[in-house]
Amino acid sequence: MSVTAPQGFEAAGVAVGLKSTGKPDVAVVVNRGPLKIGAAVFTSNRAKANPILWSQEAVRDGVVEAVVLNSGGANCFTGPFGFQTTHQTAEKAGELLGVSAGDILICSTGLIGTGDEVFRSKVLAGTEKGIAELSADGGEAASLAIMTTDSRPKRSAVTRDGWSIGGMAKGAGMLAPGLATMLVVITTDAVLDAAQADAALRQATGRTFDRLDSDGCMSTNDQVTLMVSGASGVTPDPDAFAAALAELCQDLAQQLQGDAEGASHDITIKVINAASEQEAVEVGRSVARNNLFKAAIFGNDPNWGRVLAAIGTTQAEFDPYDVDVWMNGVRVCSQGGPDAPREDVDLTPRATDLVIDLKVGAAEATILTNDLTHDYVHENSAYSS
């Protein structure tokens with residue numbers, strides 16, 4: 001159920017003291033081939049961490065031999081020294097694996113500004129230790145090593161006729177488009193070329209991870225990597241592969257949503273009958289980022305007025321007096337006015353479904369978010385300590 005589920009991959013997760021808890025904090029995932037194809041997508045935040053700057057260049061040729069990931073420090077805004085740390089990590093991995101450093105992707109997660117000499121020495125030691133402990137059963141250990149404020153690992157696998165896809169993810173806060181604060185590694189033993197891998201990954205992330213908007217905060221370190229080994233020898237239909245990849249990404253995105261920091265409600269916002277998919281996304285995101293709406297859901301209050309107020313800030317086409325809103329199956333607003341009594345809506349379950357009918361077209365989109373809780377504020381106020 002992780003990155004070593006497909007054939008042709010080995011992984012490891014080790015502890016080297018980056019985390020004060022002593023838990024695993026460096027992971028390595030290696031593609032043993034025969035294909036060494038890779039694709040990746042990155043945060044759209046203009047403020048990018050050193051591993052992102054490195055990996056963006058390294059993946060350009062469509063070849064990825066391995067990914068080295070660390071938790072316990074973001075290596076972001078650590079200047080030229082931090083970029084040299086990333087470079088040295090890739091060099092160390094390349095030397096030990098007998099491959100080019102330019103085919104090694106690097107990921108880091110943790111507190112921004114962390115990346116001093118002690119950090120560097122531990123990451124390099126973890127790279128060496130992780131490569132020494134690589135195994136075909138190491139996917140679970142790797143998924144544990146990339147956790148930060150996560151309460152549990154996120155792993156998934158999809159199997160089709162003769163080929164499979166596996167994946168691991170981390171993320172619990174700063175979940176917003178641009179991939180959320182998440183590191184994701186996906187592996188497949190299907191036979192694909194670089195262009196197919198890149199297209200399928202971008203299509204899948206665009207409708208899964210990019211539509212997870214837990215708290216409206218975009219990270220500096222987001223990266224989703226797809227590695228292709230071709231070890232199954234099976235060439236799937238491109239559409240079939242794209243669908244399977246989207247299924248796996250959606251599963252991981254929902255696991256991220258379910259573990260969002262301090263959340264007590266997982267909110268699915270479905271916007272229907274919009275003029276375009278882009279406008280449906282804009283409307284859904286306006287609600288997902290509205291703190292008044294999110295606070296109302298925390299209080300189990302079906303305050304549909306806050307929904308209409310939020311969507312009124314968008315440029316999407318709709319008539320505010322011809323919008324219907326459902327909460328957990330109850331239509332609380334019809335044509336921009338009250339419908340069923342609020343007491344008819346049960347918001348005590350964690351799963352919360354919001355449907356917004358704009359009545360202007362046939363397009364739709366779904367955004368995943370969470371409520372705004374006391375625990376979220378407490379956890380993020382205490383994070384750096």
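Okay, so helices (H or I, at least four residues) and strands (E, at least two) are DSSP runs, numbered from the N terminus. With that in hand, Asp-324 sits in strand E11, residues 324-327.

Quick note on the model: it's predicted, so local features need pLDDT of at least 70 and side-chain atom pairs count only at pLDDT 80 or more, while totals for chains, interfaces and linings use all residues. Residues are numbered from 1 along each chain as its sequence is written, and side-chain values use heavy atoms, with hydrogens and water left out.

Is Asp-324 buried or exposed? Buried means under 20% relative accessible area, exposed over 50%, partly exposed in between, using a 1.4 Å probe and protein chains only. Asp-324 comes out at 4%, so it's buried.

Its side chain also makes a polar contact with the side chain of Lys-359, at 3.1 Å. That term means a pair of N or O atoms within 3.5 Å; within protein, one must be able to donate a hydrogen and the other to accept it, and residues adjacent in sequence count only if both atoms are side-chain atoms.

Now, the aromatics. Rings of Phe, Tyr and Trp (its six-membered ring) pair if their centres lie within 6.5 Å; planes under 30 degrees apart are stacked, over 60 edge-to-face, the rest tilted. How many aromatic pairs does that give? Two. Trp-54 and Phe-83 have ring centres 6.2 Å apart and planes at 55°, so they're tilted. Trp-54 is in helix H1 and Phe-83 in helix H2, 29 residues apart. Trp-54 is buried at 12%, whereas Phe-83 is partly exposed at 30%.
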